[in-house]
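Could you walk me through this fold, going from the overall picture down to a few strands and ring contacts? Here is the model to keep open while you read.

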Amino acid sequence: YDAAVGDNGNFAIVTRSRDYKSEVVLYDGNMEKLANYHLNGYVTGISMNQAGDRLGVVSAEAENGVWVTKVTVIRIGNRISQSTATVTGALGSTCGFVSEDRFAVVFTDRIMVVNSDATVTGEKHFGNATPTLAAIGRGSVAILTEDQSDLTRSTLTVYDRNAKESYSLAMDTDHPITKAGNPTALAMADNALFLHAGKTLFRLTNNGNTVTAASVSHDTLAVLPESGDEVLICTPAYAYRVTSGDFTRP
């Protein structure tokens with residue numbers, strides 16, 4: 001029910017097993033099995049770095065009504081090894097490599113970055129805010145949060161590879177993105193962010209100071225950036241490209 005692949009052909013798949021809630025099976029580019037891992041928790045996120053020699057797995061289970069999330073980094077080489085970090089009281093899901101050796105995980109209450117040994121290298125709590133969308137790219141993580149004390153106010157924050165804030169954009173009821181509708185997808189490529197809301201795809205550049213918009217199909221299912229200037233829009237029946245020239249000031 002999930003998978004990840006690296007440029008060298010290594011890949012991993014997530015399945016259910018009879019005795020465990022989740023199983024991660026690791027293969028090389030020749031489809032030879034390298035290892036398999038049984039987990040007592042459900043896998044909520046999986047990602048492989050671009051080189052294909054690091055696999056990050058996020059799994060979660062409830063213990064006495066409290067979420068326990070495990071972040072496991074598997075190192076793939078002549079010898080396969082793994083390290084795990086445990087977070088109690090928060091559910092982790094969206095994840096990805098912000099560099100070849102740094103793995104970022106978005107929790108219900110924080111963002112956390114670990115290295116290849118699953119040692120925490122950066123962490124930032126959201127305070128009185130809840131993440132609703134997240135996107136992880138090379139060198140940065142973008143997270144859209146909703147203020148729990150004022151549900152009409154959202155904030156888009158971008159963090160660097162150490163979970164330190166690079167910039168943030170507050171969006172109240174008068175912001176063009178808020179007026180367009182409920183955001184349903186967030187993606188990033190190069191120095192551009194793409195946010196889908198209603199029938200509009202927004203493109204944010206220049207640290208969020210420049211916001212442009214393009215009309216997209218009302219039944220858009222996925223937004224897949226190919227670069228900071230070109231994005232693939234997928235619908236149930238077809239896909240088409242939107243380029244930077246299609247975006248105008250909202």
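**The whole chain**

Keep in mind that this is a predicted model. The secondary structure amounts to one helix and 23 strands. A compact globule of 250 residues would have a radius of gyration near 18 Å, and the chain comes out at 19 Å, which agrees. Along the principal axes, the C-alpha trace spans about 50 × 40 × 30 Å.

As for the surface, the chain exposes about 12,200 Å², with carbon and sulfur atoms supplying 43% of that area. Of the 250 residues, 49% count as buried. If you take the contacts between residues at least 6 apart in sequence, 34% of them join residues at least 24 apart.

**Strand E19 and its two partners**

Is strand E19 enclosed or open to the outside? Six of the six residues in E19, which runs over residues 200-205, are buried, so the strand is largely enclosed by the rest of the structure. Both of its faces are covered. One side carries Thr200, Phe202 and Leu204, while the other carries Leu201, Arg203 and Thr205, and all of these are buried.

E19 has strand E18 (residues 192-197) as an antiparallel partner, with five bridges between them. Within that pairing, Leu195 has Phe202 of E19 as its bridge partner. The hairpin made by E18 and E19 leaves two residues between the strands, and Gly198 adopts a positive phi near 60 degrees there.

Strand E20 (residues 210-215) also pairs with E19 in the antiparallel sense, this time over six bridges. Here Leu204 has Val211 of E20 as its bridge partner. E19 and E20 form a hairpin too, with four residues between them. In its turn, Asn206 has a positive phi of about 55 degrees.

**Rings and charges**

How many aromatic pairs does the structure hold? There are four aromatic pairs, and two of them are described here. Phe11 and Tyr27 make a stacked pair, with 5.0 Å from centre to centre and 15 degrees between the planes. Phe11 belongs to strand E2 (residues 11-15) and Tyr27 to strand E3 (residues 22-27), so the pair ties together parts that are 16 residues apart in sequence. Both Phe11 and Tyr27 are buried.

Phe97 and Phe103 have ring centres 5.0 Å apart, but their planes sit at 45 degrees, so this pair is tilted. Both Phe97 and Phe103 are buried as well.

| Charged end | Ring | Distance to ring centre |
|---|---|---|
| Arg16 | Tyr1 | 4.1 Å |
| Arg110 | Phe107 | 5.8 Å |

**One more residue**

Finally, a look at Glu146, which is found in strand E14 (residues 140-147). Is Glu146 buried, exposed or partly exposed? Its relative accessibility is 27%, so Glu146 counts as partly exposed. Compared with Arg16, Glu146 is 130 residues away in sequence and 33 Å away in space, C-alpha to C-alpha.

How values were computed:
Residues numbered from 1 in each chain as written. Predicted model: local features only at pLDDT ≥ 70, side-chain atom pairs only at ≥ 80, totals over all residues. Heavy atoms only, no water. Buried < 20%, exposed > 50% of the residue type's maximum accessible area, 1.4 Å probe, protein only. Pairing = 2+ DSSP bridges. Phe/Tyr/Trp six-rings, centres within 6.5 Å; stacked < 30°, edge-to-face > 60°. Lys NZ or Arg CZ within 6 Å of the ring centre and 35° of its normal. Rg over C-alpha atoms; globule rule 2.2 N^0.38 Å. Contact = heavy atoms within 4.5 Å. Areas by Shrake-Rupley, 256 points an atom, 1.4 Å probe, with all protein chains shown as cover.
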